[in-house]
Each structure stands twice: as C-alpha cells, then as structure tokens.
Amino acid sequence: MTKDVAVLGAGMHPWGKWGRGFVEYGTAAARAALMDAGLDWRDVRSVVGADTVRGGYPGHVAGATFAKALGWQGATVTSVYAACASGAQAVAAARAQILAGLADVVLVVGADAAPKGFFRPAGGDRPDDPDWLRFRLLGATNPAYFGLYARRRMAVHGDTLEDFALVKVKNAALGVLNPYARYRKRVTAEEVAASAVVADPLRLLDICATSDGGAALVLSSVDFAHRHGVARPVRIRAVSTVTPRFPNTVPDLPDIATDSAVAAAPPARTFRASIAGAAYEEAGIGPEDLSVAEVYDLSTALELQWYEDLGLCGEGEGAKLLREGATAPGGRIPVNTSGGLASFGEAVPAQAIAQVCELTWQLRGVAGDRQVAGARVGITANQGLFGHGSSVVAVR
Amino acid sequence: MSYTRKPAITGWFTGEGDGFRLLGTRCTACASVFFPREDVHCRNPHCAGGPLKEIPLSRKGRIWSYTDSRYRPPSPYVSDPELPWEPYALIAVELEAERIVVLGQAAPGVTVADLTVGMEVEVVPGVLHEDEDTGTTWTIWHWRPTGVAA
Ligand SMILES: [Zn+2]
C-alpha cells in the first residue's frame with residue numbers, strides 16, 4: 001500500500017506585521033488553498049488546525065476556530081499543538097486520517113499574529129514549566145540558544161561571522177522573489193555586519209523576526225486526486241515527528257541542562273539529524289535524491305547546522321557547502337528557496353505548513369523566478385520546542 | 001535596609017563560598033544524573049528505575065559554548081526597567097564526571113571577551129536580583145573562569 005497523500009492545494013496569507021487577528025490570516029490562507037485545489041469548503045470532510053497559543057493554553061482551539069470562520073459545515077475537527085512543529089503535526093494528523101480511510105479531503109491550517117520582540121512564556125509563577133524557568137532564572141531568550149550554537153560552530157568547525165552573513169545574503173535574495181515573504185529587499189554582508197549584536201556572536205540580521213502570517217494545505221487521497229482530475233499531484237511521501245533519544249546531549253530550547261550521558265551512550269545521531277533521518281527512511285530516499293530543501297533558519301548559523309543534519313555534507317562542512325554555492329539557486333541543492341525564516345519571520349503554527357507550500361510550488365514547477373529547474377524531491381526540516389521533530393518529504 | 005538571602009529556586013543549589021554546589025539527583029539503579037533535579041522517576045528509557053538520591057554536582061567544568069544578552073530579556077526575567085540594561089554573559093558548561101552540560105549566567109564582570117570554548121570554569125554563588133519591596137536578595141548560581149577572584 002502506498003503511504004502517499006496528494007497535495008491538492010496550497011495557500012498563504014502574506015507574512016508581515018499586519019496588526020490583525022490570526023483567524024483572518026488563517027482563513028485567507030485556507031480559502032487560497034481551497035481555490036488552488038479547485039474545491040469548495042463544503043467538500044472538505046475534516047479540518048486540522050495548528051494551534052495558536054495565548055496565555056499558556058490554545059486560547060483559540062484552532063481547528064474549530066477556522067471551521068467557524070469558514071462557515072460551520074459539520075466537518076470533523078482536529079487541533080494540534082507542537083510549538084514550531086505544530087504545522088508538521090497537523091500534516092501528520094491529516095495524512096493519518098486519509099491513509100486510514102477516515103477522510104478523502106482534509107484542510108490543514110496554521111496562522112499566528114506574533115508578539116513584538118522576544119517570544120516569552122505565559123505569565124504567573126510557574127516553576128514546573130521549563131520554558132518559564134529558563135527566562136526566570138537565566139534570562140535565556142531564544143536568540144541566546146542560537147548564539148550558543150553559533151559560537152560552538154566557530155570554535156569546533158572554524159565557521160566565521162562572514163559565513164553566517166552569507167546565509168542571510170542568500171536567503172534575502174530569494175525572499176525578494178517571493179510575494180508572500182515579509183522582507184523583500186536584498187541584504188549585503190556589510191549590512192549584516194553593521195547590525196547590532198543581539199546574542200554574541202549573532203547580530204540582528206542573523207536572527208529571524210516574529211511575524212504575522214498564515215499557511216494552509218488541502219490534502220487528499222491519491223485516488224481522490226485522480227478522480228478530481230489531477231493525474232500527477234505533488235505527493236507527501238513521509239512525515240517525521242520524532243522525539244529525541246535519551247541522552248539528548250546538545251543543549252536544547254528551553255532546557256537549562258542536557259541529559260547526562262553517564263549511564264547510556266549518546267545516540268549515533270543528534271536529535272536534529274534523527275528528524276531528517278526518520279523522514280528519509282520512511283520515504284526510502286537519501287540526501288542525494290533531493291532537488292530542494294526548506295530548513296528552519298531561526299538563525300543564519302542554524303541553517304549551516306541543518307545542512308549537516310540533513311546529510312547534504314559531512315559534519316563541520318556546512319560553511320564550505322555554502323561558500324561553494326551548492327545551496328544557492330543553480331547549485332546542487334538549493335536551500336530555502338522561499339527566502340526562509342530570514343525573509344518570512346516566525347508565525348509559529350504556520351511555518352512548517354508554509355515550508356510544505358514552498359515544496360508544492362517548486363515540485364509543480366510554478367515557483368516563478370525562484371524555481372529550481374526540474375525539481376522532483378523536496379524536504380522540509382524544522383524543530384518544535386520541548387522535543388518535537390518536524391520534517392516532510394514531498395515528491396512528484 | 002538589610003536583605004534576606006533566598007534561593008531563586010528551591011533545591012537546585014546549596015552552600016556558600018567554596019562550599020557552594022549545584023544539586024542534582026542520581027538514579028540508584030543506572031547512575032544517570034539529573035539537573036534540574038528529577039525526583040519522580042528515572043528518565044533513562046533503558047532503566048527500570050530506582051530511588052533517586054540527591055547529589056552535589058562537580059564544582060568545575062569546561063565551557064561548551066557561551067553567548068551574551070545585549071537586549072533586556074522579557075519577563076519572567078526580573079530587571080529594573082528604570083536602569084540601563086547591562087548585558088551579561090551566559091555559559092554552557094560541560095561537567096566531565098556527570099557528562100552533562102549546564103547553562104548559567106557568568107559572574108558579574110565576566111564578558112564574552114574573557115571566554116573561550118574549552119576554558120575551565122567553576123560554579124559560584126551569585127545574585128539574580130534584589131527585591132526592595134520585600135527586602136529579599138534572590139540567589140542563583142554563576143559560572144566564573146577558575147583562577148579569577150570574586
Ligand atoms: Zn535509572
């Protein structure tokens with residue numbers, strides 16, 4: 001039995017700081033995805049929402065919120081929360097329903113209106129919450145962790161600030177070409193170097209912003225796609241939502257310490273590498289098969305880490321791969337053709353879905369000036385706070 | 001006004017001066033070490049679990065990586081918005097015996113320019129913030145390069 005599901009539609013609301021509610025962004029993205037699929041909302045039998053969290057709980061339980069905004073029509077509803085991996089878990093839930101024969105057509109939606117500045121935990125004294133603790137006891141923001149990873153790469157692999165800046169230069173140039181991106185302006189290495197340091201050694205232009213935005217997908221069984229007249233749909237072949245393996249020995253958001261490796265040997269693959277590994281294994285492909293990759297560039301330095309974790313190059317060779325142009329348009333494996341988070345910013349429940357939208361357009365060959373010629377296989381990679389893997393393989 | 005010293009979190013560290021130590025727990029079945037302390041059940045999936053015993057962690061370790069905070073972190077970090085923001089360094093430290101990496105703020109006066117990956121540091125008592133209203137000094141752990149006087 002094939003494990004493929006078809007991507008019938010993809011849609012986004014442009015990302016930015018629009019000052020409106022997330023329901024509006026998500027509903028607009030959903031309507032765009034339905035139009036792209038050539039389906040009426042009433043044809044959808046199941047809706048899966050990636051939750052937008054306010055005040056420590058999903059203040060608007062996303063599936064039902066979007067279903068109400070689109071007009072109650074009796075669809076089955078699911079809502080998922082997995083921080084930055086919420087979108088991938090929403091895709092996984094939709095896929096499971098389709099493969100189980102519970103639904104032919106499922107709408108997946110994620111949207112957010114992010115706060116200004118640093119992300120931070122909900123209020124109140126909550127010393128049982130590791131996310132609250134890291135802020136309260138250390139003041140450790142997300143960029144602080146990105147700074148730790150960047151400085152470690154410089155010490156261990158010899159990466160330079162210029163290498164990090166080159167990632168921003170590449171992604172900004174791609175964002176210029178994407179009408180859904182928030183930042184559509186070229187950036188130079190000099191501009192990165194001139195921006196303020198946020199968390200040593202990373203500067204403002206090395207770190208992604210927080211954004212408003214929405215993304216949606218219409219998924220279906222491959223049979224339904226055929227009946228609907230789509231002979232060769234983009235197919236999702238694998239979804240990885242794995243957790244880490246004990247002991248997780250790389251300091252990870254939001255933890256204050258790693259697991260101890262005193263009693264059990266660290267796993268052969270780090271958590272990030274295992275996310276991609278699980279996706280490759282399920283899809284029956286390897287990094288050599290990829291045409292395009294969308295990775296989670298919360299910081300410029302982190303994009304280089306993903307090159308290695310995806311197996312695009314060996315450990316410590318990420319900067320070399322970048323310098324060779326392999327991950328730029330026209331290179332062996334273009335990365336973040338959408339412009340990445342560098343051009344979009346974070347709209348947490350939407351971003352893993354937005355990555356799949358970009359793969360869909362690339363694999364259909366409709367990505368305009370940022371099209372990767374002959375793209376056949378794409379992967380997304382992302383990671384959600386508290387140990388949520390997130391990777392999707394799509395093929396055509 | 002005299003301030004009362006209180007730990008910013010209960011049960012994570014103890015002692016004063018050279019006797020200051022981070023406190024973790026150790027599984028009596030598999031020897032896994034947990035910091036922050038795990039008091040319910042061993043989290044090693046290969047272990048059936050045994051009683052968890054409180055242990056002091058090594059006083060010294062080596063820098064895994066470091067960074068700093070050039071902008072004021074949001075709440076629940078406590079800082080006085082009336083005062084100019086003073087960046088502090090944040091250090092991730094590998095403890096050899098426990099095979100664990102523990103984050104902490106650097107001692108006051110230590111900047112990223114003073115640090116390198118692999119450098120030896122030791123844990124020292126520090127102050128997280130002082131609360132005038134209640135007359136409380138909230139204490140925390142800091143990492144400080146060894147051989148540097150307080
Ligand atoms: Zn144990």
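This report describes a predicted model with a chain A and a chain B.

## Basis of the model

Residues are numbered from 1 along each chain as its sequence is written, while chains are lettered from A and ligands numbered from 1 in the order in which they are written. Because the model is predicted, local features need pLDDT of at least 70 and side-chain atom pairs count only at pLDDT 80 or more, whereas totals for chains, interfaces and linings use all residues; side-chain values use heavy atoms, with hydrogens and water left out.

## Chain A

Chain A holds 13 helices and 13 strands; helices (H or I, at least four residues) and strands (E, at least two) are DSSP runs, numbered from the N terminus. Its C-alpha atoms fill a box of roughly 55 × 50 × 45 Å along the principal axes.

Of the 396 residues in chain A, 61% are buried, meaning under 20% relative accessible area (1.4 Å probe, protein chains only). Among contacts (heavy atoms within 4.5 Å) between residues of chain A at least 6 apart in sequence, 74% join residues at least 24 apart.

## Chain B

Chain B has 0 helices and 10 strands. The C-alpha trace of chain B spans about 50 × 35 × 30 Å along its principal axes. Buried residues make up 46% of its 150 residues. For contacts between residues of chain B at least 6 apart in sequence, the share joining residues at least 24 apart is 55%.

The accessible surface of chain B is about 7500 Å², with 51% supplied by carbon and sulfur atoms; such areas come from the Shrake-Rupley method with a 1.4 Å probe, and for residues only the protein chains shown count as cover.

## Where the chains meet

The contact between the chains takes 41 residues from chain A and 46 residues from chain B. About 3700 Å² is buried between them, and carbon and sulfur atoms give 65% of this area. In chain B, Trp64(B), Pro76(B) and Leu103(B) lose the most area to chain A, together 19% of what that side buries. Buried area here is the accessible area (1.4 Å probe) that two parts lose on being put together, summed over both.

Notes:
Buried < 20%, exposed > 50% of the residue type's maximum accessible area, 1.4 Å probe, protein only.
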